[in-house]
Amino acid sequence: AEQNRELKERIAKLKKERNAIILAHYYQRDEIQEVADFRGDSFLLAQKAAQTDAEVIVFCGVHFMGESAKILAPNKTVIIPDERAGCPMADMVNVEGLKALKQRHPNATVVTYINSSAEIKAETDICCTSANAVKVIQSVDSDEIIWVPDKNLGDYVSKFTDKKMIIWEGYCNTHDMLTVKDVMEMKAQYPNAQFVVHPECRPEVVKLGDFVGSTTAIIKYCKESDCQEFIVGTEDGTGYQLRLDSPNKTFRFATKFLVCPNMKVNNLKKVAKCLETMQPQIYVPPQVAEKAKLSLERMLQVK
Ligand code: 13P
Ligand code: SF4
């Protein structure tokens, strides 16, 4: 506790000196969320990155999030606590594979989940996050959509459109691990609880949800609901904001395995260190960044 207090003081001081802002995803460790200027899901944090006046963005999340911030705010310096914090789902799609798919379906619009590399975004018509995926799909003109990389989110949004969806086979290791059996056991044990679930979970698990939504949507739903007890089907870091917003409600995560090891690579010490050394910085080659930016900006314009 004493060490954390010192680190927090150091971070506050460095933040001022550098004119920096700390953005933290809801899956980050509590200690990081505590020092963040803004906490949010992928969508909110991308918006904040695009809007901030700060010179430096410390992005506490995984690599693609820092990259998206840099693409949206190319004149800012974007630093991350640890370069090794990646997203395995983002790595499940490669540019050659996507290009081949585009060749086979020349009239399809490419809709890409923000959990993807800058190179993939550069080959994309429009990005989305779990918060706006349905709206983005509905905003597309063509009858055919190439959807990368999350097959579970793809299945979920396909229920809201008649368009033909060509869905890539990627998934999030953390959310995809949750099974119907896990959820049914929790529901049996806590019959008064509502099950809130992220659409990165398997379709049969999502089907069991009393509420389905992005991390921010889940937090908002639980805060506003009359229900006092929830079984949570998303990453365990979300508990920080859930409990902060609703200290008298009970939140039980559906299993103890709903932890993204990549998100947890970051810690307070590394936040202080990156502010001190201004390393590691995110760099995106300009030709890639320019194209990727269009796909992110189109997403931000969808109402
Ligand atoms: P959201 O931030 O859109 O809820 O997505 C969750 C996620 O897995 C981010 O990596
Ligand atoms: Fe990627 Fe899943 Fe971790 Fe999000 S929770 S960063 S989608 S592995």
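Select L275 to begin, and you will find this residue in helix α14, which covers residues 268-277; helices here are DSSP runs of H or I with at least four residues, strands are runs of E with at least two, and both are numbered from the N terminus. The model is a predicted one, in which local features need pLDDT of at least 70 and side-chain atom pairs count only at pLDDT 80 or more, while totals for chains, interfaces and linings use all residues. Residues are numbered from 1 along each chain as its sequence is written, and chains are lettered from A and ligands numbered from 1 in the order in which they are written.

Is L275 buried or exposed? L275 is buried, because 22 other C-beta atoms lie within 10 Å; a residue counts as buried at 20 or more such atoms around its own C-beta atom, as exposed at 12 or fewer, and as partly exposed in between, with C-beta atoms placed from the backbone. Then pick I22, which is 253 residues away from L275 along the chain, although 9.9 Å separate their C-alpha atoms.

Now colour the chain by domain, using bounds that come from an automatic or database domain assignment: domain 1 is 2-87 + 263-284, domain 2 is 90-171 + 287-301, and domain 3 is 174-253.

Move on to ligand 1 and show the residues around it, which are D41, S42, F43, C87, N115, T129, S130, A131, C172, E200, S214 and T215; a residue is near the ligand if its C-beta atom, placed from the backbone, lies within 6 Å of it. This shell divides into four nonpolar, six polar and two charged residues, where Ala, Val, Leu, Ile, Met, Phe, Trp, Tyr, Cys and Pro count as nonpolar, Asp, Glu, Lys and Arg as charged, and the others, Gly among them, as polar.

Finally, zoom out to the whole chain, which has 15 helices and twelve strands. Its C-alpha atoms fill a box of roughly 55 × 55 × 30 Å along the principal axes, and buried residues make up 49% of the 303 residues.
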